[in-house]
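Please open the structure in your viewer and keep the selection tool at hand. This tour goes from one selection to the next and says what is found at each stop.

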Amino acid sequence: MDPRQARLLELFQRAQAQVTDRVDAVEAEQWDAVVRPGRDVADLVAHLVGEQLRVPPLLAGHPAGGPVPTDTEELLAGDPLGSWEAAADAALTAFAQPGAVDATVQLAEGPAPATDHLAVLTTHLTVHAWDLARATGGDPVLDADLVAAALEQVGAGRAAGLVDPASPVPAGADPLVRFLAAFDRRA
């Protein structure tokens, strides 16, 4: 694994850890808290579990990660933290296998380098760590390295026409504000 790939894997693991901390902090009465219109905390965590569960089959060559449940209750199985941790561990283990980050994965949009998918997942986890903190009254401060990496990815996607323009931000806005604006969120 080259240094860039190792760095991507490290950032992925750090993004997973941010989510783990926030899922662990969810109180029983907060699972129904609204994260975004039409999605509560339980739905978001289930979505993240499903996303992580798709990684091992994707890296094994199954198109779009194979069949993964979509039902919140089925994905969380009565233990949201345990379900998240098991899925996150499986995804990290799959990406850490020799040659895994060199693979091409078959996403719904078409083939993509595994490193690109790893970067997208890392950004996605970072955004949703903030969403979870915001919905539950947790700490919304994000790992600065993850924010910087996500801003680089968003910039590259925008330059390629793959990412919509960001919400306007004041000149000189800090990286977190720019990151959140890129995903239509406000601090």
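A salt bridge here is a side-chain nitrogen of Lys or Arg within 4 Å of a carboxyl oxygen of Asp or Glu. The model is predicted, so local features need pLDDT of at least 70 and side-chain atom pairs count only at pLDDT 80 or more, while totals for chains, interfaces and linings use all residues. Residues are numbered from 1 along each chain as its sequence is written, and side-chain values use heavy atoms, with hydrogens and water left out.

Select Asp131 and Arg185 to begin, whose closest N and O atoms in their salt bridge are 2.7 Å apart. Asp131 belongs to helix α5 (residues 114-136) and Arg185 to the segment after α7 (175-182), so this pair ties together parts that are 54 residues apart in sequence; helices are DSSP runs of H or I, at least four residues, numbered from the N terminus. Are these two residues buried or exposed? With buried meaning under 20% relative accessible area, exposed over 50% and partly exposed in between (1.4 Å probe, protein chains only), Asp131 is buried at 3%, and Arg185 is buried at 12%.

Next, select Arg7, which is partly exposed at 33%, and look for its salt bridge with Glu10 (2.9 Å, N to O). Both residues lie in helix α1, three residues apart, about one turn of the helix.

How values were computed
Helices (H or I, at least four residues) and strands (E, at least two) are DSSP runs, numbered from the N terminus.
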